[in-house]
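Hi,

Here is the structure I said I'd pass on to you. Have a look at it first, and then read on for what turned up.

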Amino acid sequence: MHPKYLDRIGLVALWREGLLARRVLQGLTKGYRNHPQLARFKKYEKPLDLIDAYLYQVYLEACARGYRFSLSKIRVVELHEAVEVTRGQLIYEFNHLIRKLEKRDKAWLERIRGVDPSSIEANPVFRVVEGDVEEWEKSNNKRLKDFT
């Protein structure tokens, strides 16, 4: 989803996790290589371009809020609607954010509570298409349930 929906903690976490994902895509780390969310980047013809464009949008949101993320950690790549994301996936991610905000930032939750989950905007690198939660997300949730 678009980084504008994220609270401060979520935005910083997204930046840090995105930088880690970037390192994974570069082959610079052994951990997290099979993280399910990497699937959306790996299927793109130029995964590093996509992750940099994705992180650039996170960087722009951080700047708009007065945060000081280091642009030197990524390349400035602007892609728009390069990869499809399903509406169901966006709704899933938004509802996941709502559950987190109920515990960590009630003020931010109130700011976004009126947003209709079916109208959630995606990060501009994604083109929204109709569909359910992504298959990689479903299989990840199944694995998590198997361990509980």
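This is a predicted model: local features need pLDDT of at least 70, side-chain atom pairs count only at pLDDT 80 or more; totals for chains, interfaces and linings use all residues.

Lys4 is partly exposed, with a relative accessible area of 32%. You'll find Lys4 in the segment before helix 1. Leaving out residues up to four places away in sequence, Lys4 touches Glu61, Arg65, Trp108 and Glu121. Leu60 is 56 residues away in sequence, yet the C-alpha atoms of Lys4 and Leu60 are separated by 9.8 Å. Ala64 is 60 residues from Lys4 in sequence and 9.5 Å from it in space, again C-alpha to C-alpha. Ala64 itself lies in helix 3 and counts as exposed, at 67% relative accessibility.

That brings me to the helices. How do helix 1 and helix 3 run relative to each other? Their axes, for residues 8–26 and residues 47–64, come within 10 Å and cross at roughly 165°. Angles over 145 degrees count as roughly antiparallel, so helix 1 and helix 3 are roughly antiparallel to each other. The crossing of helix 1 past helix 3 is left-handed. On the helix 1 side, the residues that meet helix 3 are Leu11, Leu14, Trp15, Gly18, Leu19, Ala21, Arg22, Leu25 and Gln26. Across from them, helix 3 brings Pro47, Leu48, Ile51, Asp52, Tyr54, Leu55, Val58, Tyr59, Glu61 and Ala62. Sorted by class, this contact of helix 1 with helix 3 has 14 nonpolar, two polar and three charged residues.

As background, nonpolar side chains in soluble globular proteins tend to be buried together.

Not counting residues up to four places away in sequence, Met1 touches Leu6, Leu90, Glu93, Phe94, Leu97, Ile120, Glu121, Ala122 and Asn123. One of those partners, Glu93, is worth a look too. Is Glu93 buried or exposed? Buried means under 20% relative accessible area, and Glu93 has 13%, so it counts as buried. Glu93 is found in helix 4. Apart from neighbours within four places in sequence, Glu93 is in contact with Met1, Gln37 and Arg40.

Now for the loop between helix 3 and strand 1, where I'd pick out two residues. Lys73 has its place there and is partly exposed, with a relative accessible area of 47%. Once residues up to four places away in sequence are set aside, Lys73 touches Trp15, Leu19 and Arg22. Lys73 and Leu55 are 18 residues apart in sequence and 9.6 Å apart in space, C-alpha to C-alpha. Glu81 is found in this loop between helix 3 and strand 1 as well. Glu81 is partly exposed, with a relative accessible area of 47%. Most residues other than glycine have a negative phi.

One more residue, back in helix 1: Leu20 has its place there. At 30% relative accessibility, Leu20 counts as partly exposed. With neighbours within four places in sequence left aside, Leu20 is in contact with Thr29 and Tyr32. Between Leu20 and Tyr92 there are 23 Å in space, C-alpha to C-alpha, and the two are 72 residues apart in sequence.

Cheers

Conventions:
Residues are numbered from 1 along each chain as its sequence is written. Side-chain values use heavy atoms; hydrogens and water are left out. Axes are lines fitted to C-alpha atoms, for helices over the stretch in contact, and angles run from 0 to 180 degrees between N-to-C directions. Helices (H or I, at least four residues) and strands (E, at least two) are DSSP runs, numbered from the N terminus. Angles under 35 degrees count as roughly parallel, over 145 as roughly antiparallel, 65 to 115 as roughly perpendicular and the rest as oblique. A crossing is left-handed if the near helix is turned anticlockwise from the far one by less than a right angle, and right-handed if clockwise. Contact means heavy atoms within 4.5 Å. Ala, Val, Leu, Ile, Met, Phe, Trp, Tyr, Cys and Pro count as nonpolar, Asp, Glu, Lys and Arg as charged, and the others, Gly among them, as polar. Buried means under 20% relative accessible area, exposed over 50%, partly exposed in between (1.4 Å probe, protein chains only).
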